[in-house]
Amino acid sequence: MKSSQIRAIFLNYFQGKDHLVLPSFSLVPKNDPTLLLIGAGMAPLKPYFTGEKTPPHPRMATCQKCVRTPDIERVGITSRHATFFEMLGNFSFGDYFKEEAISWAWELVTRGYQIPEERLYVSIYEEDDEAFVIWRDKVGIPESKIYRLGKEDNFWEIGPGPCGPCSEIYYDMGPEHGCGRPGCEVGCDCDRYLEVWNLVFTQFNKEADGSYTPLEQKNIDTGAGLERLALVLQGVTNLFEIDTVRPLLEHFTGKAGISYGADREKDTSLRVITEHLRGVTFMVSDGIMPSNEGRGYVLRRILRRAVRHGKLLGMEASFLSEAIPLLTQLMGDSYPEIEKKLDFIIRIVKLEEERFKETLDQGMEILEEHLAILKEKGESVLQGDLAFKLYDTFGFPLDLTKEILTEKGFSLDEKAFDHSLEQQRERARAASGTHEPGQNNNVNLSSLLKGISTEFVGYDTCNSEGEVLALVSGSSGELLSEANTRTEEKELYLILDRSPFYSEKGGQVGDTGLIHFPGGAAVVRNTLPGPGDQILHLVEIKEGKIRVGDRIDSLVDQKRRSDISRNHTSTHLLHRALKDFLGDHVNQAGSYVTPDRLRFDFTHFNHLEEDELKNVEEKINSVLHNNYKVNTTYTSLDEAVAMGAAALFDEKYEGRVRLVSIDDYSKELCGGTHVDSIGEIGLFKIVSEGGVGAGVRRIEALTGDGAYRYFINHEEILKETSSLLKVSPEKMTEKINELLESSKILQRKLKQLSQQLAGQNIETILEKTDNSFGFPVLSTQIEVESMENLRDYLDKLRDKISSGIILLGTITNGKVLLAAAVTQDLVKKGFHAGKLIGEVAKLTGGGGGGRADMAQAGGKDPEKLPQALSQVLSLVKEQQ
């Protein structure tokens, strides 16, 4: 029975039992910050189980694509572990309960799938007598085939909240798959008894004190692994033999030119590649892009692990991306999204493959060198800082490094790795220049400001009255009763009951402005969000004394706010235009909005060509002419998404959401400030586009006065250049091309003259050769213009001697250039140009290296070149 039939039989069966059958949800959790990825059939339905939302139907059934990675290091080693799988499930929200769930599961397994009853066994929670009675009396299972298991195996709970006992159906694979122990039965860790269906009876609520309270609304959550059912129904023994996986394994076997089953290590690599391709393809199809954070990092871990195993099999080309069309043939009918996005998926996977291959060899070479050193010392633990270097510089996910170490009999100092990672984060935080008051003294600002909140009124006004609720020391985090110009505080934060100042968040910088209080004034340097509902105003008191309880007047810098709002609204227009021209795979990956410019990061697999940037820019400026109104409304998340709103699902949206609409052109959930009508933006100009990570691009742009000044500045440059060239601006390109062609002709003539001069000087230079080693050693300083000229001399000198070592140096533009050569006969004797030149370069304050026969380097201290060259003979002697 094919996997597609197994899926169809399950969903049709429950549709006949009045279940609403839904297609698989995305692997990206919707509005659930507690999950990185969907790893169970019930995960997308969690709001219905918790009662947070009302389900569209009290009975539902799905076949949900899932990704889990806790056992990623086991994938490939065993025949049953996987990161990607399909979970068949039927669910009841306060409707039917145990009797129906148990009876239907048994009926479907034995009659629908016709699995022999004699091969089936059942487990229940040891205290669930109700389930026991149903299995024994209603279904007719002999007591001898019903196993009571403990809480660890058959009770589902994750902390406080809804929970309940489980009951599982097992298939006996046969004694040949067992461990052979006399007590081998259901519950044993061996492969004999395969769990094919798990029924969860959510009937309790676990309280904070650990007690269990019966739920008024009891729910059913079941999960049957499609791949496991396929394994049973197709009469195979492992995941890699079922119909949706075996063709992929055979494809990679042929690609690697090996036989499956002949070599255990190679079989492991084949299984890793085969299995990981599935997860990678489905993750990318759902819009997940490789990155170093969140679910993007999960994708990167899986993909790079597969690339490394492909490398072990000798597969150098983009072997993963090349196999995606085959996977689409196997599963595209059931999941049309992978067929629809095939080209996009291939591009993203290929890009990440190629990116990692650039650094994989370098990283492996460094790792192998350090492991050899550890082995010589008799040590077995790799330093954490080296693992961090592999992670940070060469793109090795930590799991990958750990896996390689395990394969070679080593372990890792993970604490040291974590320390290096935290140091990097600290440096990043320091570089950002923002921190929470009292952070350095570990002050709990959240508890200190408990009960204090600020009402933000800045959407409607830039001026407002208010009351000072708190003064906070930026250094100590302590609450102050008053402050003045003499207060010894480098940073002072003011908290008001109401404020028009927008606090930095969502990529938009905080407002600045003035605060007037009785007898004085303070400048607001920045505005930041507090740990709760507070707005923190970073102030500098200019005159007077401010006290808690004072009434104040707040004045936002309105010109600066307007510039920020222009740029923020423009990011929404840019997002829409990019989707229009590049495709729906484009999603916002970050933004930074200041008064001067905007920065917008978005998911895309390639750089934008000039004509693409021009199209986007022209589209936005064309839309600006319509002067659409910018409307904001408050609604529920579901209603906003139904209206076509773009939401960042990495964000947590609680309660009512703010929907910003620009006519029908753009709708986004956003808490930032915006213009009233887009005509206020005036002008939009893209100034740069580039990559910031795998599959993530960045556009920087100017609007309004900033864009106007950009054109004025460029016009001035155009006029100045036109004057220097003594032609009109219209003829500048023609004139520059003429000058470039003349320059090329002169460069060719100069090179010819340099080569002729080098030939004439060769004999003179050779007179400085030392023959005390029994072969020529030449080290001298010559005068040339570039490294290319220096190498020309090196080649000519090497041609003149049949055996020897040459090291030349020169000074160009205040820097030292070095080049060295060792003839092949001396390379075989252990002499090494790269090591020699590296030592000489150090003496000039520089570095470099290269091959044994040829190397080049540079230095920063020209005055030390003669002394460095004088050390060449002694350095050659050390290599003897």
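This is a predicted model: local features need pLDDT of at least 70, side-chain atom pairs count only at pLDDT 80 or more; totals for chains, interfaces and linings use all residues.
I started at the hairpin of strand 26 and strand 27, where three residues sit between the strands and Asp 663 takes a positive phi near 50°. Strands here are DSSP runs of E with at least two residues, helices are runs of H or I with at least four, and both are numbered from the N terminus. Residues are numbered from 1 along each chain as its sequence is written, and side-chain values use heavy atoms, with hydrogens and water left out.

**Entry 1**

Pairing takes at least two DSSP bridges between two strands. I found six bridges between strand 25 and strand 26, and four between strand 26 (residues 657-662) and strand 27.

Is strand 26 enclosed or open? Six of its six residues are buried, so strand 26 is largely enclosed by the rest of the structure. Buried means under 20% relative accessible area, exposed means over 50%, and partly exposed is in between (1.4 Å probe, protein chains only). Val 657, Leu 659 and Ser 661 point one way, and Arg 658, Val 660 and Ile 662 the other way.

**Entry 1: strand 22**

I moved on to strand 22 (residues 551-556), which has two faces. Ile 552, Ser 554 and Val 556 make up the covered one, while Arg 551, Asp 553 and Leu 555 are on the uncovered one. Strand 22 pairs in the antiparallel sense with strand 13 (residues 463-473) over five bridges, and with strand 18 (residues 513-517) over four. Ile 552 is the bridge partner of Gly 466, and Leu 555 stands opposite Leu 514.

**Entry 2: helix 18**

Helix 18 (residues 610-624) has 15 residues and reaches 21 Å from first C-alpha to last, close to the 21 Å expected at 1.5 Å a residue. (The expected span is 1.5 Å times one less than the number of residues.) Its buried residues include Leu 613, Ile 620 and Leu 624. They fall within an arc of 160° seen down the axis, so they line one face of the helix; the arc uses directions from the helix axis to the C-beta atoms. What do they pack against? I found helix 17 (558-582), strand 28 (684-693) and strand 29 (696-703).

**Entry 3: the cores**

A nonpolar core is a set of buried Ala, Val, Leu, Ile, Met, Phe, Trp, Tyr and Cys residues joined through side-chain atoms within 4.5 Å. The largest has 114 residues, and Trp 135, Trp 197 and Leu 320 have the most contacts inside it. Helix 12 (residues 342-377) gives the most to this core, with twelve residues. Apart from it lies another core of 27 residues, among them Leu 608, Ile 620, Val 623 and Ile 699.

Note on methods: Contact means heavy atoms within 4.5 Å.
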